[in-house]
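The following questions and answers concern a single protein model. Please consult its sequence and coordinates while reading.

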Amino acid sequence: MNSFFTLLRSRAKHTLPDLPYDYNALEPVICNEIMQIHHQKHHATYVNNLNTCEEKIHEALSKGNIKEAIALQPALKFNGGGHINHSIFWTNLAKDGGEPSKELMDAIKRDFGSLEKMQEKMSAATIAVQGSGWGWLGYCPVAKRLKIQTCANQDPLEPTTGLIPLFGIDVWEHAYYLQYKNVRPDYVKAIWKIANWKNISERFANAQH
């Protein structure tokens, strides 16, 4: 048991991932200022709070205080989800994201009729998120189909729904308000212009194995 808690204490801390592009790379769809604040402030805060939360949980467990460990689960879900979601989000975007792979396009046509219909359905669901949250294109490994799902706050897609995340749209106001103000539909419509289909296609291929 002592070796178990020693392992917990010696775990590697989560770190803020570097962006795969410059902060101004996604302009004019997402401006430099939003990207800097979103990455350096918001994502960094999730990472820092996640590390703090894990330390408190491990300390509680080492003392046998299961009540305190349970009480910390909402903070773990929120900050851990924020870290997971944003780590996917950055890679989902690119200035020139290309086109969906043949395999992904075939699946999109099978499950939604066309790429345009999928985009319309996902956009509508994402715009309709009440308050803060995410819209996702996910893969269901049970049904072996693509599905659209929304998640509140920073709830991570896979742990809460079983769907494997392929493409996410962040509709927390910090993701768009400085540029799009309160017009969320304009932001959601524009983000498709920088969808990194190479990354999304790779995620789809990996999800099937």
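Q: Does Cys140 count as buried or exposed, and at what relative accessibility?
A: In this predicted model, residues under 20% relative accessible area are classed as buried. Cys140 falls below that cut-off and therefore counts as buried, its relative accessibility being 10%.

Q: Which cysteine sulfur is nearest to that of Cys140, and how far away is it?
A: A disulfide requires two cysteine sulfur atoms within 2.5 Å. The structure holds 0 disulfides, and Cys140 accordingly takes part in none. Its nearest cysteine sulfur, at a distance of 14 Å, belongs to Cys151.

Q: What is the relative accessible area of Cys151?
A: Cys151 is likewise in no disulfide, and the nearest cysteine sulfur to it is that of Cys140. The cut-off for a buried residue is under 20%. Cys151 is therefore buried, with a relative accessible area of 5%.

Q: Why do the buried residues of helix α5 lie on the same side of it, and how wide is their arc?
A: Helix α5 spans residues 102-112, and its buried residues are Leu104, Met105, Ala107, Ile108, Asp111 and Phe112. They lie on the same side of α5 because the arc they cover around the axis is only 160 degrees.

Q: Which residues are exposed on the other side of α5?
A: The buried residues of α5 have a cover that includes α6 (115-127), β1 (133-140), β2 (145-152) and α10 (197-207). On the other side of the helix, the exposed residues are Lys102 and Glu103.

Q: Which residue follows α5, and what is its phi?
A: Helix α5 ends at residue 112. The residue that follows is Gly113, with a positive phi, near 100 degrees.

Q: Which residues touch the most other members of the largest nonpolar core?
A: This core has 52 residues. It draws at least three residues from each of domain 1 (32-92) and domain 2 (102-208). Apart from it lies another core of 5 residues, including Cys53 and Ile57. Within the largest core, the residues that touch the most other members are Met118, Leu146 and Tyr187.

Q: Which residues does Asn79 touch?
A: Asn79 lies in helix α4, residues 73-91. At 7% relative accessibility, Asn79 counts as buried. Not counting residues up to four places away in sequence, Asn79 touches Thr45, Tyr46, Asn49 and Leu50.

Technical notes. Residues are numbered from 1 along each chain as its sequence is written. This is a predicted model: local features need pLDDT of at least 70, side-chain atom pairs count only at pLDDT 80 or more; totals for chains, interfaces and linings use all residues. Side-chain values use heavy atoms; hydrogens and water are left out. Buried means under 20% relative accessible area, exposed over 50%, partly exposed in between (1.4 Å probe, protein chains only). Helices (H or I, at least four residues) and strands (E, at least two) are DSSP runs, numbered from the N terminus. The arc is that of the directions from the helix axis to the C-beta atoms. Contact means heavy atoms within 4.5 Å. A nonpolar core is a set of buried Ala, Val, Leu, Ile, Met, Phe, Trp, Tyr and Cys residues joined through side-chain atoms within 4.5 Å. Domain bounds come from an automatic or database domain assignment.
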